[in-house]
Amino acid sequence: MTNPPQCPSIITIDGPAASGKSTVGQRLAQSLGYLFFDTGIMYRAVTWLALDRSMDMQDEAAITSLAESAQIDILPPSKEDDRTCDVLIDGEDITWEIRGRNVDANVSIVAAYAGVRRALSAQQRRIGQRGHVVMVGRDIGTVVLPEADLKIFLDASPEERARRRFEEIRARGGSPDYQEVLSKVIERDRIDSTRSVAPLRAAEDAVVIDSDRLGVDEVLERLQDLCK
Ligand code: CDP
């Protein structure tokens, strides 16, 4: 007798900026009763702290030791302001601060530093290896959890991703400029995919999904089918 097929325990979703990884990843995790872990939060938190301390973004050694010593916590939401979790660094609530323009503009510089990646991906790996997890980022299927049972690479055109980010900022009460959002998305993709350490790319065994013409529900349905 054969055993019934099992749901993959470690699921990774990688992809470029604003491809919808967090939205679908979170819903997938919820439907499976898994932990959802958005690794971008950690890079954003270290970037926010470096900016808050007016550090030089080019000072790799100083930013690396910051990443090694910072206490980043991700906890269930304590407020009803559309947040999906609380993000704390050294005890301070920075949930919304990490979504600011200044963090957006600097996070890819910080994330390109080898020592920063070493410090943060070790923590991500420790948590991911426990299983029953949906982990999203840029290098989860390639570097952090290459042994994952199911790897997704979620893509979309820069224009569509900029449109989604534009709507997201508007929904939060901002008044973004589409062309500016688009050029920032393209610039961040460029840095993320050309860096020498853990560049953004699909793992060889990843399922690539182009979500240009797919809504959140449709992407989710595909992911759920892949889990069966
Ligand atoms: O929200 P969005 O998808 O645009 O980005 P994010 O997932 O919050 O990640 C912010 C930045 O962190 C990325 O542009 C990368 O530079 C970096 N990052 C990374 O290098 N590796 C990860 N596993 C996750 C994020």
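How far is an oxygen atom of the ligand from an N or O atom in the side chain of K21? The gap is 3.0 Å.

This is a predicted model, where local features need pLDDT of at least 70 and side-chain atom pairs count only at pLDDT 80 or more, while totals for chains, interfaces and linings use all residues. Residues are numbered from 1 along each chain as its sequence is written, and side-chain values use heavy atoms, with hydrogens and water left out.

View A. A backbone N or O atom of A18 sits 3.3 Å from an oxygen atom of the ligand. The protein covers 98% of the 530 Å² of accessible area (Shrake-Rupley method, 1.4 Å probe) that the ligand has on its own.

**View B. The shell around the ligand.** Here 20 residues surround the ligand (a heavy atom within 4 Å), and the closest are R44, R117, R188, D192 and R195. The shell divides into 6 nonpolar, 4 polar and 10 charged residues (Asp, Glu, Lys and Arg count as charged, Gly as polar). Helices α2 (40–52), α4 (101–111) and α8 (178–194) each supply at least two of the shell residues; helices are DSSP runs (H or I) of at least four residues, and strands (E) of at least two.

**View C. The open sheet.** Now for the strands: 5 of them line up as β2-β6-β1-β7-β8, with parallel pairing (at least two DSSP bridges between two strands). β2 (35–38) and β8 (207–210) stand at the edges with a single partner strand each, so one side of each has no neighbour in the sheet.

Methods:
A polar contact is a pair of N or O atoms within 3.5 Å; within protein, one must be able to donate a hydrogen and the other to accept it, and residues adjacent in sequence count only if both atoms are side-chain atoms.
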